[in-house]
Structure formats: structure tokens, C-alpha cells
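Please open the model in your viewer and keep the sequence panel beside it. The tour begins with the whole chain and then moves to a few selections.

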Amino acid sequence: MDQPAALLVSELPPDFARWDELLALILRAFAYMDGVIDPPSSARLLTPENLMSKAGQETAFLAVENGQVVGCIFALERAKDFYVGKLAVEPGLQGRGIGGRLMQAVEDFARRRGKHAIELQTRIELAANHAAFARLGFREIARTAHEGYDRPTSITMRKALS
């Protein structure tokens, strides 16, 4: 009987060229938000070109299984912490710990860079995401509104790194 291939989580390689595939993964992972969050996800504004640009300004990590990209996360270094965004896991593989492995890669990277926290935002409507991030050790620190909205649209969550 064949053994399942190991999941490999690593920093995006400098010669990465599978931008269309990475974008498609992000769009599939964020598709469940369509019609749920207001305003719509900024993932809809991504193109292969601006995703490549994003990767040039931030540190990205990939989860790869059987040669397929099954997850990603981007981390923007700031003065005292890292801001995490575009955490995406192939929808059919969610619940297997891939997101947790990607988040752990960012945490380890942040510690190596001398940072003591990571921060993210999640939409107000996505209660399951709030709970998932809380299980990973994140705590709500603020609620903010997108431009033009008179109500909170996002929750900022932070995790202190020991």
C-alpha cells in the first residue's frame, strides 16, 4: 500500500513561477466568503502579477503535497511584528492542520527575526475563523471598519510569541 506523501512547508523559493496555480488556490480557498462578507475579499483583486509583487515585498510560505501547492501564507515584516495575510488552504484539505503548519512557519520565522508577535485581520462575519485563530493562540485586540463603512468590518487579532 502506498504511503501518503509528506506535506512540506517551506519559504517560497526565489525561482517560483507557478503564480497562476497559487492565485487559483487562493481564489478557491476564499470563494466561500463570496456573498458572506461585506465588502468583498481583496483576494478578488489579485492577479498573477500583483501576487508576484506581493511575494517580493512579503515573505511567503507554501504547503506542498504530491507536488501540488495546497496552502500558502504571506507575512509582512513591520517594526515590532509580522502581519499575516492570505492564509489559504485547498478547500478539500482543510481541517488537516495545514493552516496550523503554515502559521507555525511564520511564527518560527518571526522569532528568528526577533519579533515578539504576529497579527492578522479576519472579517467580522467569519465566526469560524475567529474561533480557529483563537485556538492557535490569537486574541482580539481591535475592530476596524473599511473605508466608507459605519460599522466594524474586521477584527484584528494578535498572538504574542514566547
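Select the whole protein chain and display its contacts (heavy atoms within 4.5 Å): among those between residues at least 6 apart in sequence, 61% join residues at least 24 apart. What you have on screen is a predicted model, in which local features need pLDDT of at least 70 and side-chain atom pairs count only at pLDDT 80 or more, while totals for chains, interfaces and linings use all residues. Residues are numbered from 1 along each chain as its sequence is written, and side-chain values use heavy atoms, with hydrogens and water left out.

Now switch to a cartoon, where the protein chain shows four helices and seven strands; these are DSSP runs numbered from the N terminus, helices being H or I of at least four residues and strands E of at least two. Followed from the N terminus, the elements come in the order β-α-α-β-β-β-α-β-α-β-β. The radius of gyration of the protein chain, taken over C-alpha atoms, is 16 Å, close to the 15 Å that the globule rule (2.2 Å times the number of residues to the power 0.38) gives for 162 residues, so the chain is as compact as a globular protein of that length.

Colour next by burial, where buried means under 20% relative accessible area, exposed over 50% and partly exposed in between, with a 1.4 Å probe and protein chains only. Buried residues account for 43% of the 162 residues in the protein chain.

Select strand β7, residues 154-160, of which five of the seven residues are buried, so this strand is largely enclosed by the rest of the structure. Which strands pair with β7 in the antiparallel sense? Strands count as paired if DSSP finds at least two bridges between them. Strand β5, residues 117-123, pairs with β7 in this sense over seven bridges, and Glu-119 stands opposite Arg-158 in β7. Strand β6, residues 139-144, also runs antiparallel to β7, to which five bridges join it.

Arg-143 and Ile-155 are 12 residues apart in sequence, and their C-alpha atoms are 4.5 Å apart in space. Is Arg-143 buried or partly exposed? Arg-143 counts as partly exposed, because its relative accessibility is 48%. If its neighbours within four places in sequence are left aside, Arg-143 is in contact with Ile-124, Pro-152, Ser-154 and Ile-155.
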